[in-house]
Amino acid sequence: AKTEDPSTFLSAYRPLSSLLHSIHHIPNMKLSLALVLTAASVSAFSPSATFTRPSTSLNAVTTALIKELREATGAGMMDCKKVLTEFDGDIDAAAEELRKKGLAQADKKASRVAAEGKIAMSKVDGKSVLVEVNCETDFVAKDESFSAFANSAAEAAAKLGSEDVEALMAASVDGGSLEDARAGLVSKIGENIQVRRVVSRGSGETTTGSYIHMQKIGVVVEIEGGTEELCTDVAMHVAAMNPPYATKDDVPSEDVEKEREFLTSQVADSGKPADIIQKMVDGRLNKWFSESCLVSQQYVKTNDRTVGKLLEENGAKMIGFTRIAVGEGIEKKEDNFAEEVAAMAAGK
């Protein structure tokens, strides 16, 4: 920056005046040397000279300030130091800049396949909620920050009382929206992170309970009567056995007819009378029901009674269940190392 303060010029000139006085008393000193020194010094300290003012940002950016910004944003140490230096230690401006960069990075990564992740659960006023949050790698799925975000999403979903993901992302979490938290996490971790879906069951008049297996499979069970612990036990069974239906009444009629046609085709050429074939088909269809419906399955924990019998013994009746698994239905990218090398060699 340029300085035009006269006092600066005068203070710089005083040493020069003393120097010239000394030269005057030195014998055999050539006048030309004095003139050269005078011209150079006056030029250097003239009001039109250009100074480079040292930056105050390095002095303003302390270790404590970097730490505070890191804790507030989750950004890396060097990113925090860089942006604080850029804004001369203004932590609010630095935080806003990091937020903008995080949103930009999140947008860039949004197209990448995110089929790993975890399922988180929460419960409010008798309603149990499961939320699937996806990332790109199993390594990130085990990260504490990622887990904390997934848990926050589940808690927000339970309070919201809706399965609408768009509404969930707009919900307030820790002073900002859940979408802001997601974008910040993408910036911190460097992977595409998405809240994929929300499922819920229950009301104040029913009993619900949830179970999550290895963070990958989530089940919520709803019953009449009974206890939350009973729901959790049945949810463990559902996680292990993955029954398609809760009760026989839940089986769509088209599924029943399709199975009946399949079973009939198996015995149609047996040469047996039509009434015998009908009994054979009915028997096999009943077996299919017992294998496909939750209440008809042998309770996996004890294997000495059906799930329906377990509920009956505890004064409960099955209403339904919902089971989800991380990444189901998402087409994962299959990496081919040989093709990658060939593409690189071809300059693609």
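Visitor: How many residues does helix α10 have, and what should they span?

Guide: In this predicted model, α10 runs over residues 178–189, and at 1.5 Å a residue its 12 residues should span 16 Å. The end C-alpha atoms are 16 Å apart, which agrees.

Visitor: Which residues of α10 are buried?

Guide: The general idea comes first: an α-helix has 3.6 residues a turn, so residues three or four places apart point the same way. Here, the buried residues in α10 are Leu 178, Arg 182, Ala 183, Leu 185 and Val 186. They cover an arc of only 160 degrees around the axis, which puts them on the same side of α10. Just after the helix, Gly 190 takes a positive phi of about 90 degrees.

Visitor: Which members of the largest nonpolar core touch the most other members?

Guide: As a rule, nonpolar side chains in soluble globular proteins tend to be buried together. In this case the core has 24 residues, and Val 131, Val 133 and Ile 193 touch the most other members. Elements that each supply at least two residues include β2, α9, α10 and β5. The largest share, 8 residues, comes from α8. There is also a second, separate core of 21 residues, with Ile 223, Val 234, Ala 239 and Tyr 299 among them.

Visitor: Now for a loop: where is Lys 216?

Guide: Lys 216 sits in the loop between β6 and β7. With a relative accessible area of 24%, Lys 216 is partly exposed. Leaving aside neighbours within four places in sequence, its contacts include Glu 116, Asp 138 and Ile 324. Lys 216 and Gly 327 are 111 residues apart in sequence, yet 8.7 Å apart in space, C-alpha to C-alpha.

How values were computed
Residues are numbered from 1 along each chain as its sequence is written. This is a predicted model: local features need pLDDT of at least 70, side-chain atom pairs count only at pLDDT 80 or more; totals for chains, interfaces and linings use all residues. Side-chain values use heavy atoms; hydrogens and water are left out. Helices (H or I, at least four residues) and strands (E, at least two) are DSSP runs, numbered from the N terminus. The expected span of a helix is 1.5 Å times one less than its number of residues. Buried means under 20% relative accessible area, exposed over 50%, partly exposed in between (1.4 Å probe, protein chains only). The arc is that of the directions from the helix axis to the C-beta atoms. A nonpolar core is a set of buried Ala, Val, Leu, Ile, Met, Phe, Trp, Tyr and Cys residues joined through side-chain atoms within 4.5 Å. Contact means heavy atoms within 4.5 Å.
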